[in-house]
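We will walk through some charged pairs together.

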Amino acid sequence: MTPADLSRCVVRAVRCAVADGELAAGAAVPERVVVERTRPGGVGDYATPVAFQVAKAARCAPRDVADVLARRLGAEPGIERVEVTGAGFLNFVLPAPSAAAVITDVIVRDIAIRDVRGGAAHVVPADESGLGLRERVVRRSVLRLLCVQGGVADGTLLDSPAGAPVAPGAPVAPGAPVAPVAKRDGDVVARYGADAACWAMLAVPARETPSFSDALLHQGEANEFFRVRYAHARSRALVRNAHQLGFHQEPGDVDDAPALLRLLADHPLVLEAAAHHRAPERLVRSLVELADALLDFQYRVLPQGDEKPSAAHRARLALAEAAGTVLAGGLALLGMDAPERL
């Protein structure tokens, strides 16, 4: 079971609990459940507060709802353990992700992201009059994220898990006004370039003022924006180099990249949480972590010296290519290009 499967599994458990009378017939069954990686020191790998969503309509305490769901979910294949913590949080432990399953999920999700990119004109707010550059950048990124989650049609925000839809001129995050950019929009773009300027605007929560400095122009590891695009370019270079060596990618077991596998497996949850909270900075942070993991992994992808390409090399290449695909898709959702060469 992948983390994305877990979200759907929780929704199904709520629906079945209501149908079987374990929860009140009037209990609301959410269309989508946000499952997120637990914070350091937390219980399990993933957690969801779904019991709090259901409890009010079910006319019982969140802890009671969580206990019902935990019993059901504990019997699901692919879930190693379920625990209830606090007032009603569900916590899960999943087995290590399969590289083949992760890569398949990346391919399927990339098709949806490509659809968003191809229809970018349809996810631009109909009315952007009176909005500054920073607010336009944030709003468009949120719209793309919601579109991938099925929450946008033709540039109109539909009802979303985050609550009231964003109206033109309204803050992106409830109660959090978008911080103004101190410099003139034109000066920022002229100085740093459109993509780097957008990165700075999206790298911090909407309520915070973005930081612009010459670090955005630095082509080195100190620049997170550069690292993300460089990691994508490296993934494409690995594919080209492998083809020159006469072998191609082929999904298979990869046992020496646990961090990269986990980040790729978690990416659907990152997209869902970023859309749910209308917080593109969550996607920014995830892309940086993924880029760093890929840059560390890249040295194990191609044969070294007289070594002949093996099934392990083909599997690693498939994983590296999948990571590059996720980086390109993430940059596209942020409104940025992903060059194949840097």
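What follows is a short tour of salt bridges in this structure.

This is a predicted model, in which local features need pLDDT of at least 70, side-chain atom pairs count only at pLDDT 80 or more, and totals for chains, interfaces and linings use all residues. Residues are numbered from 1 along each chain as its sequence is written, and side-chain values use heavy atoms, with hydrogens and water left out.

A salt bridge here is a side-chain nitrogen of Lys or Arg within 4 Å of a carboxyl oxygen of Asp or Glu. By this rule there are 21 salt bridges.

**Stop one.** Select Arg-72 and Asp-20, whose side chains form a salt bridge at 2.5 Å, N to O. This pair links distant parts of the chain, 52 residues apart: Arg-72 sits in helix 3 (residues 62-73), and Asp-20 in the loop between helix 1 (3-19) and strand 1 (36-37). Helices (H or I, at least four residues) and strands (E, at least two) are DSSP runs, numbered from the N terminus.

**Stop two.** Stay in helix 3 and pick Asp-67 and Arg-63, four residues apart and separated by about one helical turn. Their closest N and O atoms are 4.0 Å apart in a salt bridge.

**Stop three.** Move to helix 4 (residues 99-118), where Arg-114 and Asp-110 are also separated by about one helical turn, being four residues apart. Their salt bridge has its closest N and O atoms 2.7 Å apart.

**Last stop.** Select Asp-256, Asp-296, Arg-300 and Arg-316 together: salt bridges that share partners join them into one network.
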